[in-house]
Amino acid sequence: MSAATELTATGTVPRILDAGLISDAMKGVESRSDTTRHFFANWPLFGLERVDAVIADYYTDAIEQFSTDYPTSPDINALPELNLGWHLVASSPRAVAIVADGYEFAGASTQERWRTFWFDPVRDAPLAAGDLVDTAATNRELATSARRPDAPGLDLSAVGADPVTSATLLAFAEDGSLLVGYDACEVAACAAGRVTFAIAPEATEWLLTDAGRAARSATLTPRDPIAEDPGDLPNPSPSTASTPSSAPAVDETVDCRKSKCVALTFDDGPGPFTTKLLDHLRKADVPATFFMLGQQVELYPKITRAVAAAGHEIGVHTWDHRMLTRLDTQQVRREITSSIKVVKQVTGKRPRLLRPPYGATDRAVAAEAKRAKVAQVLWDVDTLDWKTRSAKKTIKATLKDTRRGSIVLLHDIHSTTVAAVPGIIEGLRAKGYTFVTVSQLLGKAKPGRVYSRA
Ligand code: NI
């Protein structure tokens, strides 16, 4: 994956896994994006009481802190922005780890933060640094690394007497090195950004506890955490997500001048419920359009491929849900091109559609969309599924507002939305609608131009 798509740091970065591996173990995704629209956060829920509470606390505290630091202003464009996502870095029945990964944009400055959460998914037990490594020995190794002549300006004492326990990141690299990481400004000059110390694999061996060794294998040879008998599984990820549907969902012969067409669109994914959504769409033989976030495509490459293989259309929704009207030209370009690039890398197909987050667009965004050869697609039916979180209300809103040529806005990161889809399809079919992708609905959509219905 390109550099723009990885966790960034001065030093080695952790090995990042396909989050599709834990789809079955996840009970959902919690996401927050407030009405004044200055933050976007999403984090996984595992249905584990203690673990979920620890993870949720981190995200909600960060949001609360951000909201206190930057109270609401009537001028939305004057507000800084917070983006909090996550990556999977270890997965097995004995140890799972995620890295909460955040960016805060305030004026010209960007602050990154990260935090690893290790836990035992069977016992619902968070795992601390002291559970995974011999902290005294690890601190000695860290002190040695910090004194290395090729690493000047590092000051571990700034984080206290027990640096490994105060680390914001504890993970493993591709080669099995133990990585101990800190946020910007903690152990080095702020300009260095986030910093990691890598302890060589041979040295790491002596530092790990039994749980630590299990944690390392969960990174290097990851498995589904809820597999009944992991030892017996021939294929570590028996996910149906990678199985392409036999018949492509798109019927090229539909003529929307004659048929009463409608396009269902799904934003902010892919996520853990996207596979279930694909099942619903396949059973009903309905094509849809997915406006994916680059960061989610990076999290779920297999599911992204399955969406494309089933014949659905994939458009982009920027890399990390930024409000494009508030960014400068370079940033807008990066948001659009990085997300196009990752979809193309993963599916082999170049997206032709862009949905600007919050539907926020202007002339500058249009110019960049045109340059990137993507049409801008808004919607005319807002189901408010993200707000009501009710399958019943989502079905009702869709059936009430859909007209001929409508583009319906839905979000496949919510289980309630995915649960609503069979009802939406049944209801619209009963009213004589034919389902098409957005590109089919619009015919030749012009790059840069804004569409909200046919
Ligand atoms: Ni969105």
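Let's call two residues in contact if their C-beta atoms, placed from the backbone, lie within 7 Å. One housekeeping point: this is a predicted model, so local features need pLDDT of at least 70, side-chain atom pairs count only at pLDDT 80 or more, and totals for chains, interfaces and linings use all residues. Numbering runs from 1 along each chain as its sequence is written.

Okay, domains. The assignment, automatic or from a database, gives us domain 1 (3–232) and domain 2 (242–451). Their centres, over C-alpha atoms, are 30 Å apart. Across the interface, 18 residues of domain 1 are in contact with 21 residues of domain 2. On the domain 1 side, strand 1 (28–32), strand 2 (39–45) and strand 3 (81–91) each put in at least two residues; strands here are DSSP E runs of at least two residues and helices are H or I runs of at least four, numbered from the N terminus. Strand 3 gives the largest share, four residues.

Now helix 9, residues 301–309. Which of its residues are buried? Pro301, Lys302, Ile303, Thr304, Ala306 and Val307. Buried is 20 or more other C-beta atoms within 10 Å of a residue's own, exposed is 12 or fewer, and partly exposed is in between, with C-beta atoms placed from the backbone. Their cover includes helix 7 (274–284), strand 11 (289–292) and helix 10 (329–347). Just after the helix, Gly311 has a positive phi of about 90 degrees.

Last stop, Ala360, in the loop between strand 13 (353–354) and helix 11 (363–371). Ala360 counts as partly exposed because it has 16 C-beta neighbours inside 10 Å. Setting aside neighbours within four places in sequence, Ala360 is in contact with Met323, Leu324 and Thr325.
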